[in-house]
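Open the model in a viewer and keep the selection tool at hand.

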Amino acid sequence: MFPQSTDRGTGKDSTDMTLHSPELAALDRLTSGRSTCRAYQHKALDIKLIRSIIGMAGRSASWCNVQPWQLVITETLESTERFREALMQRIKVHPENESDLPFPPSYDGIYGERRRGAGIALYSSLGIGPKDTERSAQQAFRNFRMFDAPHVAIVTVPVELGPYALVDAGGFISSFLLAAYAHGVATTPQGALARHAHFVREYFDIPDTQHMICAISFGYAENEHPVNRFRTTRAGVDDLTRFA
Ligand SMILES: Cc1cc2nc3c(=O)[nH]c(=O)nc-3n(C[C@H](O)[C@H](O)[C@H](O)COP(=O)(O)O)c2cc1C
């Protein structure tokens, strides 16, 4: 089920170690094998499988163990489709950003470079060149169709807990992605849906005492689809660490 460990920057340092313990080898396979999925099979997951992923992700650490993360998940193909359609309709009449949390105004310097690198890898996998603005826009718009995933999870935290709840939720999201991958389930963390947070919260009856952070679309991947076959790179240990 899992591809071989690939060199994804920091991954190289971990594979320099002898992966003699089963835990180390398993974690190496999970962290190097997971990637963001952008094409799904039209097939619902068993609710027991979904519950098992959530149970594992819920073991994440959090400040004072407050576990601020909350999920709303579309359980069936029909409920996901209803939401997808409603979102499409909403975007037509209200395309503006209505996120709960401010989006970065720009990505400059190294952050801009990394963002561009990931974008070029994604669009070239589909044969979309940098000047092909029409096809780029069509592909970007697929975000709002949730790449036709069979399920979507909406991730929120209580507003009252402030920025550290966002830190905790980030850890939870990361665990969710890895737990899903360990279950053979592909995922797409989706900040794009947070652009329409007000609508999403209203649709799912989530009170405004919660902040929507992002969505996570998930299901079985179309493994052979070219958009699922490219991999992003990572900075090396020395690029992100200063040993003092
Ligand atoms: C919080 C968060 C939000 C993201 N939002 C989107 C999104 O809206 N659309 C998308 O296609 N990918 C999104 N991604 C996926 C990132 O582009 C992806 O994680 C990054 O390029 C690294 O690639 P990888 O996940 O394949 O390793 C998001 C990731 C995170 C963690």
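Select the ligand and the residues around it: S35, T36, R38, A118, N143, T188, P189, Q190, G191, A192, C214 and T232. A residue is taken as near a molecule if its C-beta atom, placed from the backbone, lies within 6 Å of it. This is a predicted model: local features need pLDDT of at least 70 and side-chain atom pairs count only at pLDDT 80 or more, while totals for chains, interfaces and linings use all residues. Residues are numbered from 1 along each chain as its sequence is written.

Colour the shell by residue class: 4 of its residues are nonpolar, 7 polar and 1 charged. Here Ala, Val, Leu, Ile, Met, Phe, Trp, Tyr, Cys and Pro count as nonpolar, Asp, Glu, Lys and Arg as charged, and the others, Gly among them, as polar.

Next, select strand β3, residues 186–190, which gives the most to the shell around the ligand, with 3 residues. Helices (H or I, at least four residues) and strands (E, at least two) are DSSP runs, numbered from the N terminus.

β3 and β4 are antiparallel and share 5 bridges; strands count as paired if DSSP finds at least two bridges between them. One of the bridges links P189 to I216 in β4.

Now show β2, residues 151–158, which is joined to β4 by 8 bridges, also in the antiparallel sense. Look for T156, whose bridge partner in β4 is M212.

Move to helix α3, residues 47–57, and pick its buried residues I50, I53 and A57. Viewed down the axis of α3, they fall within an arc of 60° (directions from the helix axis to the C-beta atoms), so they line one face of the helix. The face turned away carries the exposed residues I47, K48, R51 and G55. Among the elements covering the buried residues are β1 (70–73) and α7 (163–182).

Finally, zoom out. The protein chain has 9 helices and 4 strands, and of its 244 residues 24% count as buried. Its C-alpha atoms fill a box of roughly 55 × 50 × 40 Å along the principal axes.

Notes: Buried ≥ 20, exposed ≤ 12 C-beta atoms within 10 Å, placed from the backbone. Contact = placed C-beta atoms within 7 Å.
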